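Subject: Structure handover

Hello,

I am passing on the structure below, with notes on what was found in it. Please read the notes with the structure open beside them.

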Amino acid sequence: IPRANENRGKVDPYGFERPKDFDYVSYEEFFSRYLVILTRRAIKWSKLLKGNNRIQKSLKVKRYIRKGIPNEHRALIWMIVSGAQANMEQNPGYYNKLLEGEKSDTLVEAIKTDMNRTFPDNVQFRKTANPCLQQTLYNVLVAYGHHNKTVGYCQGMNFIAGYLILITKNEEESFWLLDALIGRILPDYYSPAMMGLKTDQEVLGELVRKKVPAVADLMDRHGVMWTLIVSRWFICLFIDILPVETVLRIWDCIFYEGSKIIFRVALALIKQHQAFILEATNLPDICDKFKQITRGTFVTECHTFMQVSVSSLQCRTGKSYETK
């Protein structure tokens with residue numbers, strides 16, 4: 001659990017510098033409430049795990065994951081529920097073999113170009129950091145590019161791998177989690193044709209048409225393609241778009257439930273801010289509104305945000321969502 005006093009600094013618990021206009025007062029207010037929830041969840045998770053590194057998929061586990069995995073268990077749970085743990089155990093030494101093998105010059109070059117562009121606002125990725133996570137990131141991406149030659153390397157993967165490294169603090173685990181995400185959970189998001197990505201963006205467009213038709217009409221009237229608005233949401237899985245703590249809560253669900261959570265989060269954002277989006281009168285205005293809806297208290301309060309997101313595609317059952 002990140003300690004509240006760490007949040008008073010200019011750098012958050014994950015090493016990201018706070019923006020100049022960061023609202024410390026509302027954050028402190030939210031965090032003191034969230035800390036209570038985190039503590040309660042941590043106790044429940046410890047009971048569930050009972051010191052075991054094994055967990056069976058079940059409705060209870062799904063419910064627990066939707067309510068957030070405490071940081072101390074996050075890497076372990078991601079590894080287990082995504083299948084990455086099983087793959088790593090079945091392929092001992094494979095990761096190191098990839099790093100020791102022949103390297104493709106074009107792949108290495110492409111990855112090196114992106115190294116300094118990855119999280120310039122994170123102190124752990126700076127060249128001056130000790131240890132500097134750039135080398136770890138480079139290793140994970142080079143190994144993955146040789147493991148999955150169809151994908152190789154494409155922009156966006158550096159941010160995903162970087163987040164995995166920040167959470168697992170383990171190079172080999174980050175590699176296998178990246179493999180779970182790109183190879184199985186989000187197939188064809190990062191392949192050269194990006195067919196999976198294009199399809200999912202069209203699916204989102206259809207969902208908005210059903211759930212928030214006025215926004216779909218606005219997009220049609222101004223000839224705005226969904227790709228223009230949401231491609232980074234999908235490619236970066238909300239990294240650099242939503243606050244870190246909120247992104248991690250989304251990822252908890254992605255590793256367990258797959259890409260449907262991306263649609264739910266996108267719909268929650270659009271539905272919540274429908275009136276605001278509809279004020280837009282032209283293309284730049286629409287783009288600007290979509291940038292603005294990813295900031296503010298709605299997205300910072302990650303616990304409530306996830307409750308709203310998780311129920312955004314479900315029919316109302318009249319049941320209230322338990323917040324503890």
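**Notes on the model**

I77 is found in helix α3. Helices (H or I, at least four residues) and strands (E, at least two) are DSSP runs, numbered from the N terminus. This is a predicted model, in which local features need pLDDT of at least 70 and side-chain atom pairs count only at pLDDT 80 or more, while totals for chains, interfaces and linings use all residues. Residues are numbered from 1 along each chain as its sequence is written, and side-chain values use heavy atoms, with hydrogens and water left out.

I77 is buried, with a relative accessible area of 0%. Buried means under 20% relative accessible area, exposed means over 50%, and partly exposed lies in between (1.4 Å probe, protein chains only). In sequence I77 and Y256 are 179 residues apart, yet their C-alpha atoms are 9.1 Å apart in space.

**The annotated domain**

UniProt lists residues 68-258 as "domain: Rab-GAP TBC", in an unreviewed entry. UniProt positions are given in the numbering used here, feature names are shortened, and annotations may be inferred rather than shown by experiment. Over residues 68-258 the chain is 68% helix and 0% strand.

**Salt bridges**

Side chains of opposite charge can pair when their charged atoms come close. A salt bridge here is a side-chain nitrogen of Lys or Arg within 4 Å of a carboxyl oxygen of Asp or Glu. By this rule the count comes to 10 salt bridges.

- E17 pairs with R126, and their closest N and O atoms are 3.3 Å apart. The pair links distant parts of the chain, 109 residues apart: E17 is in the segment before α1, and R126 is in the loop between α6 (105-115) and α7 (133-147). E17 is partly exposed at a relative accessible area of 39%, and R126 is partly exposed at 27%.
- E245 pairs with R74, with 3.9 Å between the closest N and O atoms. This pair also links distant parts of the chain, from E245 in helix α13 to R74 in helix α3 (residues 71-82), 171 residues apart. E245 is buried, with a relative accessible area of 10%, and R74 is buried, with 1%.
- R184 pairs with D179, the closest N and O atoms being 3.8 Å apart. R184 counts as partly exposed at 39% relative accessibility, whereas D179 counts as buried at 8%.
- R66, E257 and K260 are joined in a network of salt bridges.

**The largest pocket**

Rolling a probe the size of a water molecule over the atoms shows where empty space is left. The search uses a 1 Å grid over the protein atoms alone; a pocket is an open set of points where a 1.4 Å probe fits, with protein on both sides within 12 Å along at least five of seven lines, and lining residues have an atom within 4 Å of a point.

The largest pocket has a volume of about 1200 Å³. Grid points are joined across faces, edges and corners, and the volume is the space filled by probe spheres set on the points. Its lining has 39 residues, of which I241, L242, P243, T294 and R295 lie nearest the centre. Which helix gives the largest share of the lining? That is α12, with 6 residues. At least two lining residues come from each of α1 (24-49), α12 (226-235), α13 (244-257), α16 and α17 (297-300).

**Backbone geometry**

Most residues other than glycine have a negative phi, and most peptide bonds are trans. The peptide bond from N130 to P131 is cis, with omega near 0°, and P131 is in the loop between α6 and α7.

Phi is positive in K169, near 55°, and in F238, near 75°. K169 sits in the loop between α8 (157-168) and α9 (171-185) and is exposed, with a relative accessible area of 70%. F238 lies in the loop between α12 and α13 and is buried, with a relative accessible area of 0%.

Regards
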